Amino acid sequence: MSTRTAVVTGASSGIGAATARHLAREGFEVVCAARRADRIEALAAEIGGRAVVCDVTSAESVAALAAAVGPRLDVLVNNAGGAFGLSPVAQADADEWRRMYDVNVLGLMRVTKALLPALVASGAGIIVNVGSTAGRIAYEGGAGYTAAKHGTKVVTETLRLELYDQPVRVCEVAPGMVRTDEFALVRFGGDQERADAVYAGVAEPLVADDVADAITWVATRPPHVNIDELVIKPRAQAAAHKVHRV
């Protein structure tokens, strides 16, 4: 039996890196795809996978990823994404909104389109898109990101309808508050104080391993089982606006 193969985008840190490790422990050869070569090369060496430098906002880069993957693929985890800024619509930065849409929606489309033939060829492929609770709610200052993550959710739903007669499952894992080294820091342009304030007083936010565990569970269900969507939040987060802080 040939080794099962998985691709994880955004694998250089956070949820992506944790997911690559979890899938490797399940016996997958993991193609670690991200922009930062040094990080994914170290990760691939650690888990016995392969590193492919890939920018999901570049069609040429995604085409190179597809060529590196080859004709057969079992699992695709579309994890590359991100939030930039927290400005109200009245002060919105169009470039930030464009970047969020490009990586969270168009990037997901580019990678899925490029790798779909290989997923079909496996006879039991699965696409796991990493969405967010932001794809289900609205909050002040978050319109650019919530619009992008609503896009992730709807693309996932549409793809499932379009592939209903193909041997490919389409799933979404939508995390709430997850403390990683980079997500909030990137959102606030490197402002560590603002990033820390997001999680201030929350004793037990989710961490990357929690979400990676959920993604891996979804990806390893029997081929006839489709987990349409899995929303995962820390116990302290009853809703986006209601978080227990001590």
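**Helix packing, nonpolar cores and selected loop residues**

Ala138 is found in the loop between strand E5 (125-130) and H5, where helices (H or I, at least four residues) and strands (E, at least two) are DSSP runs numbered from the N terminus. The structure is a predicted model, in which local features need pLDDT of at least 70 and side-chain atom pairs count only at pLDDT 80 or more, while totals for chains, interfaces and linings use all residues. Residues are numbered from 1 along each chain as its sequence is written, and side-chain values use heavy atoms, with hydrogens and water left out.

Ala138 has a relative accessible area of 70% and is therefore exposed; buried means under 20% relative accessible area, exposed over 50%, and partly exposed in between (1.4 Å probe, protein chains only). A separation of 10.0 Å was computed between the C-alpha atoms of Ala138 and His241, which are 103 residues apart along the chain.

Helix H5 (residues 143-162) packs with helix H4 (residues 94-121), their axes coming within 8 Å and crossing at roughly 15°. Axes are lines fitted to C-alpha atoms, for helices over the stretch in contact, and angles run from 0 to 180 degrees between N-to-C directions. H4 and H5 are therefore roughly parallel to each other, given that angles under 35 degrees count as roughly parallel, over 145 as roughly antiparallel, 65 to 115 as roughly perpendicular and the rest as oblique. The crossing of H4 and H5 is right-handed; a crossing is right-handed if the near helix is turned clockwise from the far one by less than a right angle, and left-handed if anticlockwise. On the H4 side, the contact (heavy atoms within 4.5 Å) is made by Trp97, Met100, Tyr101, Asn104, Val105, Leu108 and Thr112. H5 contributes Ala143, Gly144, Tyr145, Ala148, Lys149, Gly151, Thr152, Val155 and Leu159. By class, 10 residues of the contact of H4 with H5 are nonpolar, five are polar and one is charged. In this classification Ala, Val, Leu, Ile, Met, Phe, Trp, Tyr, Cys and Pro count as nonpolar, Asp, Glu, Lys and Arg as charged, and the others, Gly among them, as polar.

H4 also packs with helix H3 (residues 59-69), the axes coming within 9 Å and crossing at roughly 35°. This crossing of H3 and H4 is right-handed. Ala59, Val62, Leu65, Ala66 and Val69 of H3 make the contact with Arg110, Val111, Ala114 and Leu115 of H4. The contact of H3 with H4 comprises eight nonpolar residues, no polar residues and one charged residue. Thr57 is found in the loop between strand E3 (50-53) and H3. With a relative accessible area of 31%, Thr57 is partly exposed. Leaving aside residues up to four places away in sequence, Thr57 touches Asp102, Val103 and Arg110. The C-alpha atoms of Thr57 and Val246 are separated by 40 Å, the two residues being 189 apart along the chain.

A further helix pair is formed by helix H1 (residues 14-25) and H8, which pack at an angle of about 50° with their axes 8 Å apart. H1 is therefore oblique to H8, and H1 passes H8 in a right-handed crossing. The H1 residues in the contact are Gly14, Ile15, Ala18, Thr19, His22 and Leu23. Those of H8 are Ala208, Asp209, Val211, Ala212, Asp213, Ile215, Thr216 and Ala219. The contact of H1 with H8 divides into eight nonpolar, four polar and two charged residues.

In soluble globular proteins, nonpolar side chains tend to be buried together. A nonpolar core is here a set of buried Ala, Val, Leu, Ile, Met, Phe, Trp, Tyr and Cys residues joined through side-chain atoms within 4.5 Å. The largest such core has 36 residues, of which Val30, Cys32 and Val173 touch the most other members. Helix H8 (residues 208-219) gives the most to this core, with seven residues. Apart from it lies another core, of 30 residues, including Ala66, Phe84, Met100 and Leu119.

Among the residues touched by Val173, beyond those up to four places away in sequence, are Val128, Val130, Val211, Ile215, Leu230 and Ile232. Ile232 is found in strand E9 and is buried, with a relative accessible area of 15%. His224 is found in the loop between H8 and strand E9 (229-232) and, at 69% relative accessibility, counts as exposed.
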